[in-house]
Amino acid sequence: MSTNHVEVHEANGVSFRQAPEHFFKSQPSKSYIVDEAQYRAWYDQSINDPETFYGALAKEYLHWDKPFTKVRSGDLTNGDISWFLQGELNACYNCVDRHAFANPDKIALISEPDEESEAYSITFQQLLEKVCKVAGVLQSWGVKKGDTVAVYLPMTPEAVIAMLAIARIGAVHSVVFAGFSAGSLKDRVVDAGCKVVITCDEAKRGGKTINTKKIVDEGLNGVESVSKILVYKRTGNPDVKMTPGRDHYWDEVCANQRSYVPCVPTNAEDPLFLLYTSGSTGQPKGVVHTVGGYLLNAALSTRFVFDLHPEDVFFTAGDVGWITGHTYALYGPLSLGTASIIFESTPAYPDYGRYWRIINRWKATHFYVAPTAMRLIKKVGEAEIAKYDISSLRVLGSVGEPIQPDLWEWYNEKVGNNNCCIVDTYWQTESGAHLITPLAGAFPTKPGSASLPFFGIAPAIIDPATGKELEGNDVAGVLAVKSTWPSVARTVYNDHSRYMDTYLKPFAGYYFTGDNAARDNDGYYWIRGRADDVVNVSGHRLSTNEIETVLDEHPGVTECACIGINDDLTGQAVVAFISLKEGACDINNESEYAAFKKSLVMEVRGVIGPFASPKAIIAVSDLPKTRSGKIMRRVLRKIASNEMEQIGDLSTMANPECVPKIIAAVDSQFFVKK
C-alpha cells in the first residue's frame, strides 16, 4: 500500500480507494476491524444470527443492571420491534459513571464556545457531578421516570449535561434545535407534553447574541403542561425576563443539590428520547428511540465506522438539536469513554480557520461534518487550512447528505492530506445510527458512494412502480431495509399508526427510508435523494409541506408549492412557486415585489426558523396540476433545475398551457439560471 489513497481498479467509472498506510501507522492501537474479510464475517453473522451477534456485543459494550433474557422480538410487518427484553440499564451510567469511576481525570467534554478564548475541558468526574446536580433539581421539581423534558439550548456542554441528567432519572429528553422559532418550539413541547423546559438566557453564535429566553417565553405562552423552566446563564444579561415561581437559574438551584444522585434503572425498551423530524405531510413527527438498542448501536457504529479508541478526540461539528449531535457528539463517544468536542460557533467565526484551530488545539483525531460546511470552506476559506497543524486527524466523516466525488477528493487532499480514511455515512433520525457506511480501514471505498451496509442492516432496492424488490447489482429504485436493527425508532410519539403508515406499510415487511438509491455492479450503494417532498438544506431535513402551510396562510397568496433543487453551497435549496391573490402585489414593480417576497420569507423564518427560508420565490399565474387537482411538483422541480428536456410525461396534466408561462416566470424571476 502507498501512503496515499490508491486506485485499486475501475468500476462503474469510479475508482476504488484503499485506506492509506498512514491511517494504520497513526493508530494508538490495533484497528478494531482488521480487513474486509473480518467485516464480511461479522456482517454475515449480524444478518443470519443476530441473537448471537448482538447478544455478545450488548454484554461487551454496555453495563446492565439486570441482564436481558431475549435478544430481540417482533418484526417490520407488525411494528412490534423490541430488543434486549427484560434487560435494565441506564444510559447516563453507561456514558458517565463507569468512566468516572475507572478514570476520573480523563477528559470527557471539550467546550469550544463562540469566543474561542473561552474554550475549556470537563473531566468525567466533573461531568458526573454536574449531571447529578441537574438531575437532583429535576427530581426536586417532581420529574419522574417516563416524564418528558424539553431542551432548547445552543451547542454548549450544558446541553449535553441536561440530556444526561434527564436520562439519569429515567425521564425522556426532547431536544429542540435552538434555531427553531417560538411557534415550532411550542408545537413540539405541546405534542410531547413536556413538564419542564431547559434553556438559557441568551445564546452566542457567530459573534451575535440571540434572545433565547425570549423565544421560549413566546413559545410557552398558554402552554399549561410546563411548570418549571431551568435557565442556564450563558451571557448573564440581568435584563432577561424571569417569571417568579416558574423560572430558575441553573447555578442557583444546582448549588443546593448533592454531587451524586443515583441512576434510575430503565428497561431496555423504555424511551430514551424523542426527536422531531419533518415528514412529507402534516405536523413534525416525534420519533421515539429506546434506551438499550439505541445506545448499543450508538456505541458500535462510533467504534467501528470511525475506528474510535478511548484515547482519541472526536469532533462532531453537528448540533444536538439533530440526530447527529445525539449519537455522535454525545452517546457514541461518551459511551466509549472518548473525549467529545462541543462546538457552539460557526466555521466562519471569527474567520475560516476556526475548525482547524480547534483540531490543532485539542489534537482532534476525528472530524465529522456536513458537506455544506466543506463546500463553504472550499469556496472562500481554503487558504486557512494550510496555516494549522491538523496532522492529528485519522478519520474524516461526512454526514447529512451525500458528498459529491469532487468534494470527496478535495476533503481527502486538502483536509486529510491524503493520510486519512474518509467515511461518507448514510443514516436518518429514525435509524438512530449509521445504515450504510464505510468502516475506516476495513474495505475500499468509492468517492460519492455510501459504500456497504453496517452490521445488521439488510438493504433492499425496491421498484416503486411494482413494490417488488430488485435482486442483484446494477439496479436503482427506492431504498428499504428488510431486517430490524437495535436502534431503529420504535414509534411516533402517541401516534403509532402514523409510524406504521410512514415507515412500515409502504412496502410490507420492509422499513421504507423514503430515499432513492442505486446498487452498482460491485454491490456498493449510492444515495440519490428523497423520494418524497422532503428537502435537505445544509443537513437540515425540511418538509416542503410545512413551508407551504406557512406561505398558504399569507393573505396575499392563493396557492403555493415548494420544491427542492440542487445547490452548490447548501446541498439543496427551497424554491417556492406562488399564485397571488388579485391586488396583492404588482410583480412588475420591482421594489413592491421585493418587499412582498421579503414578507413571505420573514413569515417562514418566524414560524419555522431561518434555516427554512426559501432561496427563491417565483410568482406564477397557475400551478401545474393533475386532473384530480394534485400539484405536479416534479414539473416545477425540472423547470427550476433547467431540465426541461427531462420534464417527462404531461398527459395527465389538466392545465398544460401553464408550463410555458412558468418557464417564462423562472427565466425572469429566478435568482440564478442553471
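Predicted model: local features only at pLDDT ≥ 70, side-chain atom pairs only at ≥ 80, totals over all residues.
I take buried to mean under 20% relative accessible area, exposed to mean over 50%, and partly exposed to mean anything in between, with a 1.4 Å probe and protein chains only. Residues are numbered from 1 along each chain as its sequence is written, and side-chain values use heavy atoms, with hydrogens and water left out.

**Entry on D217.** I looked up D217 in helix α8 (residues 212-219), where helices (H or I, at least four residues) and strands (E, at least two) are DSSP runs numbered from the N terminus. D217 has a relative accessible area of 18% and is therefore buried. With contact taken as heavy atoms within 4.5 Å, and leaving aside neighbours within four places in sequence, I find D217 in contact with K241, R246 and D247.

**Entry on β13.** D247 turns up again as the bridge partner of I229, this time in strand β14. I count two strands as paired if DSSP finds at least two bridges between them. On that basis β13 (residues 228-232) pairs with β14 (residues 247-249) in the parallel sense over three bridges, and with strand β10 (residues 196-200) in the parallel sense over five bridges. Four of the five residues of β13 are buried, and I record the strand as mostly covered.

Helix α12 (residues 354-362) has seven of its nine residues buried, so it is largely enclosed by the rest of the structure. I list the buried ones as R354, Y355, W356, R357, I358, I359 and W362. Just after the helix, K363 takes a positive phi of about 55 degrees. In the loop between β19 (339-343) and α12 I find P350, and the peptide bond from Y349 to P350 is cis, with omega near -5 degrees.

Is F84 buried or exposed? F84 counts as buried, at 0% relative accessibility; the residue sits in strand β4 (residues 82-85) and has a positive phi of about 60 degrees although it is not a glycine. N417, in the loop between α14 (405-415) and β22, has phi near 55 degrees, again a positive value in a residue other than glycine, but N417 is exposed, with a relative accessible area of 51%.

**Entry on cavities.** I define a cavity on a 1 Å grid over the protein atoms alone, as a set of points where a 1.4 Å probe fits but cannot get out, with lining residues having an atom within 4 Å of a point. The structure holds two cavities of 30 Å³ or more. The largest has a volume of about 60 Å³, and of the 14 residues that line it, the closest to its centre are A19, C421, I422, F443 and T445. Strand β22 (residues 421-424) gives the most to this lining, with three residues. The second largest cavity holds about 40 Å³ of space, and its lining consists of N90, A91, A167, G170, A171, T266, P271, L272 and V291.

Definitions and conventions. 1 Å grid on protein atoms, 1.4 Å probe; cavity = no way out; pocket = protein on both sides within 12 Å on 5 of 7 lines; lining within 4 Å. Points joined across faces, edges and corners; volume = space filled by probe spheres on them.
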